[in-house]
Amino acid sequence: MLLALAVGVLALGTGEFTLSPAQVIEALAGDGTRAARLVVVEWRLPRVLLALMIGAALGLSGAIFQALTRNPLGSPDIIGFNTGAYTGVLVATVFVGNGYYLLAGGALAGGLATAVVVYLLAFKRGVQGFRLIIVGIAIGAMLASANQWFIIRMNVQAAYSAALWEQGSLNGLGWAQVTPAAVILAVLAGVLLAYGPRLALLEMGEDAAAALGVRVERVRLVYLIVGVALIAVATATAGPISFVALAAPQLAQRLTRTPGIALVPSAAMGAFLLMLSDWLAQRAFAPTQLPVGVVTVSVGGVYFVWLLVRQARR
């Protein structure tokens with residue numbers, strides 16, 4: 001998390017109006033020049049906060065699903081929940097409107113509907129992680145085709161915006177998106193805190209968790225809803241950002257050397273990965289700003305290939 005904050009300070013100080021880290025901290029404290037406070041607090045800080053919050057949400061969601069499936073490939077962007085949330089956003093855009101809360105509701109409905117379908121199709125005397133992943137990949141591929149159909153049916157301007165937004169981007173976001181995202185994520189974090197170590201018990205296996213007093217199906221359902229809600233908030237705010245949820249829990253586990261998937265390190269790693277990716281998206285081809293999803297896909301694709309090779313060798 002300290003590395004994520006350090007990159008955040010770097011992002012606040014870089015751009016056409018360059019500031020040193022000391023000047024950034026002064027502006028955040030309410031000191032410094034008026035121009036520095038305007039640039040740091042009003043223009044750049046919302047994007048940095050959203051990168052940290054959305055990255056943490058993606059890391060938490062990836063940790064939840066990888067723990068539930070007991071498989072490093074059990075990430076919401078691999079098993080279709082991310083795509084389902086995006087489908088919900090497109091449906092809301094076409095038939096209802098494009099306000100933030102409408103998009104958030106559409107993303108949550110689409111993600112939950114996808115989760116229910118995947119869960120029911122994968123259920124056979126319980127849910128096995130590998131079967132859930134295979135079914136999720138198939139449903140995700142079908143939904144990706146449906147998303148393209150929705151985009152084709154839109155008018156040219158809406159289709160262009162939807163196609164650009166599909167890449168996942170923090171460009172143009174401000175304080176209007178920070179507050180609702182922060183409130184929703186705080187509620188979801190509270191639910192995770194209330195359920196304490198139950199996720200780690202589920203990761204040990206259904207029989208072991210049940211023997212320790214965990215109501216397996218009920219607890220799994222709660223974690224499933226929370227994981228989808230985290231993805232829905234991220235998707236409604238910035239679009240479907242891939243590979244952060246996949247990589248963050250595994251990288252955090254290797255750095256902390258924990259025996260299983262841990263939520264807090266995964267959230268911190270997700271915040272760092274997205275913050276670093278967004279800074280690269282802004283500065284790599286400056287003054288042109290890339291969608292952050294382009295960077296995460298480029299870096300995450302290499303990680304995904306390595307993970308597949310590692311799994312195959314096992």
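Are R47 and D278 buried or exposed? Both residues are buried, where buried means under 20% relative accessible area, exposed means over 50%, and partly exposed covers the range in between (1.4 Å probe, protein chains only). The model is predicted, so to speak of local features a pLDDT of at least 70 is needed, side-chain atom pairs count only at pLDDT 80 or more, and totals for chains, interfaces and linings use all residues. Residues are numbered from 1 along each chain as its sequence is written, and side-chain values use heavy atoms, with hydrogens and water left out.

Side chains of opposite charge can pair when their charged atoms come close. The structure holds 1 salt bridge, a term for a side-chain nitrogen of Lys or Arg within 4 Å of a carboxyl oxygen of Asp or Glu. Its partners are the side chains of R47 and D278, at 2.9 Å from N to O. This pair links distant parts of the chain, with R47 in helix α3 and D278 in helix α13, 231 residues apart. Helices here are DSSP runs (H or I, at least four residues), numbered from the N terminus.

Helix α13, residues 263-283, also holds S266. With a relative accessibility of 0%, S266 counts as buried. A polar atom of the S266 side chain lies 2.6 Å from the backbone oxygen of A262. Neighbours within four places in sequence aside, S266 is in contact (heavy atoms within 4.5 Å) with G59, A63, A248, P249, A252 and I261.

Attention now turns to the nonpolar core, a set of buried Ala, Val, Leu, Ile, Met, Phe, Trp, Tyr and Cys residues joined through side-chain atoms within 4.5 Å. The largest such core has 97 residues, of which I54, I64 and Y223 touch the most other members. Helix α3 (residues 34-69) gives this core its largest share, 18 residues. Not counting residues up to four places away in sequence, Y223 touches I64, L68, L192, Y195, G196, R198, L199 and L202.

Helix α5 spans residues 100-122, 23 residues in total, and reaches 32 Å from its first C-alpha to its last. That is close to the expected 33 Å, given by 1.5 Å times one less than the number of residues. Among the buried residues of α5 are Y100, L103, G110, T114 and A122.

A contrasting case is E16, in the loop between α1 (2-13) and α2 (21-28). E16 counts as exposed, at 81% relative accessibility. Its C-alpha atom is separated by 41 Å from that of R257, 241 residues apart along the chain.

Terms used. Helices (H or I, at least four residues) and strands (E, at least two) are DSSP runs, numbered from the N terminus. A polar contact is a pair of N or O atoms within 3.5 Å; within protein, one must be able to donate a hydrogen and the other to accept it, and residues adjacent in sequence count only if both atoms are side-chain atoms.
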